[in-house]
Amino acid sequence: MLTDSSIPDGVLTDGSILNGPAPDRPPLDRPVPDEPLAAGRLPDGLTPDDLPAYVYDLASLDEHAAAVRAALPGIELYYAVKANPDPELLRVLARHVDGFEVSSGGELAHVRGLFPGARVALGGPGKTDAELFGAVTRLHVESPGELRRLLASGRRADVLLRVNLDVPVAGASLAMGGGATPFGMDPGGIAECVTLLSGQEAVRLRGIHAHLASGLAAPALLELAAAVLEYARGLGVTEINLGGGMAVSYTDPDARFDWRSYGEGLAGLRRPGEVLRIEPGRALTVYCGRYVTRVIDVKRVHGELFAVVAGGTHHLRTPATKGHSQPLAALPPGEPVTIVGQLCTPKDVLAHRMPVRLAVGDIVEFTMAGAYAWNISHHDFLMHPKPGFHYG
């Protein structure tokens, strides 16, 4: 896995993993506890001064990624790096995925630094010339204008056209297609690109890319896949990237995406000669991460109870962005308390009215923090210290 025949000699050709550059914060090789933390208890080797911290369970990630891979026979599996680019997580995932989907030159350089021979697909709207004309040989083209720039450059590339089909995406937590969004092209734009590519030798049409929605269960994703495949067959292409979007529930963490039925459904839809690819992100890494912090203050304001913890949404933006309470590991029951961070904004809320008992000094462990957490947060607002990172 993770090799690309287009990569020059001297790079990885056997799927082995090289040590890449260190992350921009010092990792601490301390063990991850096997069980959730009790209030007031710290992971082994940590002190209150080490908090807040992200704690990643690499063994559980390895197990989960292996199970996903096993549920998808005959389907190519790429990881969407935007979900979490942590180098240690990527090293685990590299054992199981066929490649990486990146959405910027920065993500590309990060992945190439870790795995020089990895198969990589570059997507994302608004590609710069440096990104569009770079070394990646498989590109997800977002518009006729982007394709014209690529053709004018004279470089060689294989392209997938990103399709925005007008199909229902009801129930999605985030719609990336199915109507007027800035992602991809409607059928008119696709037809224009097909005409531009007619007779081209340097830039070859390989297929389509269709990441239409996020937050869907397996049956809904399979319905979308069927619609995308019907469209692809009408174009006469055989390489189809169906994107990601597998449902993750922050309100019911035990509700997991049904990878087995999804894999069986895709196998039933795929025709001989077709290459089907998916590129999950959140659904692969979200469960392996925890954000651990401590209570600094507890107070009542106009009858409402608040616990102020070290850190906040500048470390873990997900709950503020998605409007949910970040799931908590078990704590003693108590009067509902809203858990907030240290920022000078009323939006710095990690969890609303949780029925738990908290006191100054208690340890609070937020689960499901392995995706779209640290890497999408506004780190430098108020310039508080950055969290530590711990792996086990």
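Helix axes here are lines fitted to C-alpha atoms over the stretch in contact, and angles run from 0 to 180 degrees between N-to-C directions. Helices (H or I, at least four residues) and strands (E, at least two) are DSSP runs, numbered from the N terminus.

The model is predicted: local features need pLDDT of at least 70, side-chain atom pairs count only at pLDDT 80 or more, and totals for chains, interfaces and linings use all residues. Residues are numbered from 1 along each chain as its sequence is written, and side-chain values use heavy atoms, with hydrogens and water left out.

**Exercise 1. Describe how α7 packs against α8.**

Step 1. Locate the helices. α7 spans residues 218-235 and α8 spans residues 259-269.

Step 2. Take the geometry. The axes lie 10 Å apart, at an angle of about 20°.

Step 3. Classify the angle. Under 35 degrees counts as roughly parallel, over 145 as roughly antiparallel, 65 to 115 as roughly perpendicular, and the rest as oblique. α7 and α8 are therefore roughly parallel.

Step 4. Assign the hand. A crossing is left-handed if the near helix is turned anticlockwise from the far one by less than a right angle, and right-handed if clockwise. α7 passes α8 in a right-handed crossing.

Step 5. List the contacts (heavy atoms within 4.5 Å). From α7 come A218, L221, L222, A225, A226, L229 and R233; they meet S261, Y262, G265, L266 and L269 of α8.

Step 6. Sort by class. Ala, Val, Leu, Ile, Met, Phe, Trp, Tyr, Cys and Pro are nonpolar; Asp, Glu, Lys and Arg are charged; the others, Gly among them, are polar. The α7 contact with α8 has nine nonpolar, two polar and one charged residues.

**Exercise 2. Is G124 buried or exposed, and which residues does G124 contact?**

Step 1. Buried means under 20% relative accessible area, exposed over 50%, and partly exposed in between (1.4 Å probe, protein chains only).

Step 2. G124 sits in the loop between β5 (120-122) and α4 (129-132).

Step 3. Read the value. G124 has a relative accessible area of 10%, so G124 is buried.

Step 4. Find the partners. Beyond neighbours within four places in sequence, G124 contacts S103, E142 and E146. S103 is 21 residues away along the chain, yet the two C-alpha atoms are separated by 4.6 Å.

**Exercise 3. Characterize the surroundings of H209.**

Step 1. H209 belongs to strand β9 (residues 203-209). At 3% relative accessible area, H209 is buried.

Step 2. Leave out residues up to four places away in sequence. H209 then touches H140, L160, L161, R162, V163, N241 and E279.

Step 3. Check a C-alpha separation. H209 and N164 are 45 residues apart along the chain, with C-alpha atoms 9.0 Å apart.

**Exercise 4. How many disulfides does the count give?**

Step 1. Apply the rule: a pair of cysteine sulfur atoms within 2.5 Å.

Step 2. The count is zero.

Step 3. Check burial of two cysteines. C193 is buried at 0% relative accessible area, and C288 is buried at 3%.
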